[in-house]
Amino acid sequence: SDFFVSLKERFYTQQIQRILIKEATVPNCFYNLSDGVNNGKQNNVLNYFDINNPLTFTIAPAQYNIDQYITALIAGFLSNGVIVVITQDDLTQKLIFTFTNDTTLDGKSSMAPVLGMTNSFTCLAGVPTSPQFPPDLSGINAVNIHSTAIGEAHGIDANTGLISLVERVSLHDIPYGSFGYKQNNDSDLATIYFEQPRNLNRIDIRLRDTQGKILNIGTKKMSLVIKCYFA
């Protein structure tokens with residue numbers, strides 16, 4: 001997911017005027033709880049206060065369903081000697097925390113969005129309390145394919161400005177372990193025009209999350225099919 005392709009064909013990769021992005025295939029192999037090393041932004045650390053004692057724990061990066069996540073949360077609190085009962089409301093889908101001591105969960109923790117927290121909240125001892133929103137275990141919902149050779153300054157990111165965006169592939173309905181697929185049927189939207197003809201004998205490809213962090217797909221494969229028009 002971060003590599004160069006050197007095409008053996010020399011003649012037909014010269015003087016490329018424009019390209020058409022035909023299709024892209026990307027594996028959904030990114031954990032919904034990540035340590036920030038290979039799977040996007042870190043979201044597996046929770047900071048909190050037991051009475052007034054600052055504590056923290058980390059959940060191992062993996063792909064969790066809600067039951068597994070609740071079990072991991074309980075184990076994380078217990079690792080610091082904090083006893084809690086966690087359930088999920090059937091109607092609101094919010095998590096319900098019941099602590100034996102007054103406990104404040106830090107809304108600035110990397111795990112806050114996963115828990116459904118937009119800011120810190122305090123759970124009084126013995127009082128069931130919920131975060132502001134339901135938990136979010138959706139993980140990475142979309143990935144971007146970048147390439148300086150074929151997509152230099154082709155996209156604009158609100159945070160960083162011009163980026164080498166080639167294609168965006170949605171993973172919102174792709175189960176973990178399956179492949180996201182994007183096929184372009186609109187030639188106008190899928191075409192990248194070059195100001196000057198280019199040599200595309202050597203093409204760089206990078207797979208990034210929506211914040212620009214390079215993703216690691218391990219031993220799985222991704223593919224990008226392009227149609228080139230040359231002078």
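Buried means under 20% relative accessible area, exposed means over 50%, and partly exposed lies in between, with a 1.4 Å probe and protein chains only. At 60% relative accessibility, glycine 81 therefore counts as exposed. The model is predicted: local features need pLDDT of at least 70, side-chain atom pairs count only at pLDDT 80 or more, and totals for chains, interfaces and linings use all residues. Residues are numbered from 1 along each chain as its sequence is written, and side-chain values use heavy atoms, with hydrogens and water left out.

**Overall shape and surface**

- The chain has a radius of gyration of 23 Å, whereas a compact globule of 231 residues would be near 17 Å. That radius is taken over C-alpha atoms, and the globule rule is 2.2 Å times the number of residues to the power 0.38.
- Along the principal axes, the C-alpha atoms fill a box of roughly 75 × 30 × 30 Å.
- Of the 231 residues, 41% count as buried.
- The accessible surface of the chain is about 12,600 Å², and carbon and sulfur atoms hold 52% of it. The areas come from the Shrake-Rupley method with a 1.4 Å probe; for residues, only the protein chains shown count as cover.
- The chain carries 17 positive and 20 negative side chains, with the centres of the two sets 11 Å apart. Lys and Arg count as positive, Asp and Glu as negative, while His and the chain ends are not counted. Each charge is placed at NZ of Lys, CZ of Arg, CG of Asp or CD of Glu.

**Secondary structure and hairpins**

- The chain contains four helices and 16 strands. Both are DSSP runs numbered from the N terminus: helices are H or I of at least four residues, strands are E of at least two.
- Strand β3 (residues 45-50) runs antiparallel to strand β4 (residues 53-58), and six bridges join them. Two strands pair if DSSP finds at least two bridges between them.
- Phenylalanine 49 faces proline 54 in β4.
- Two residues separate β3 and β4 in their hairpin, and isoleucine 51 in the turn has a positive phi of about 60°.
- β5 and β6 also pair in the antiparallel sense, over five bridges. Valine 85 stands opposite threonine 98 in β6.
- The hairpin of β5 and β6 has six residues between the strands.

**Positive phi in loops**

- Glutamine 93 is not a glycine, yet has a positive phi of about 70°. Its place is the loop between β5 (84-88) and β6 (95-99). Glutamine 93 counts as partly exposed because its relative accessibility is 36%.
- Alanine 153, also not a glycine, has a positive phi of about 60°. The loop between α3 (148-151) and β10 (155-157) holds alanine 153. Its relative accessibility is 43%, so alanine 153 counts as partly exposed.

- Residues 24 or more positions apart make up 65% of the contacts with a separation of 6 or more. A contact means heavy atoms within 4.5 Å.
- Glycine 81 lies in the loop between α1 (66-78) and β5.
- Glutamate 23 belongs to strand β2 (residues 16-27). With a relative accessible area of 25%, glutamate 23 is partly exposed.
- Glutamate 23 and lysine 227 are 204 residues apart along the chain, but their C-alpha atoms are separated by 9.8 Å.
- Leaving out residues up to four places away in sequence, glutamate 23 touches Tyr181, Lys182, Gln183, Ser223, Leu224 and Val225.
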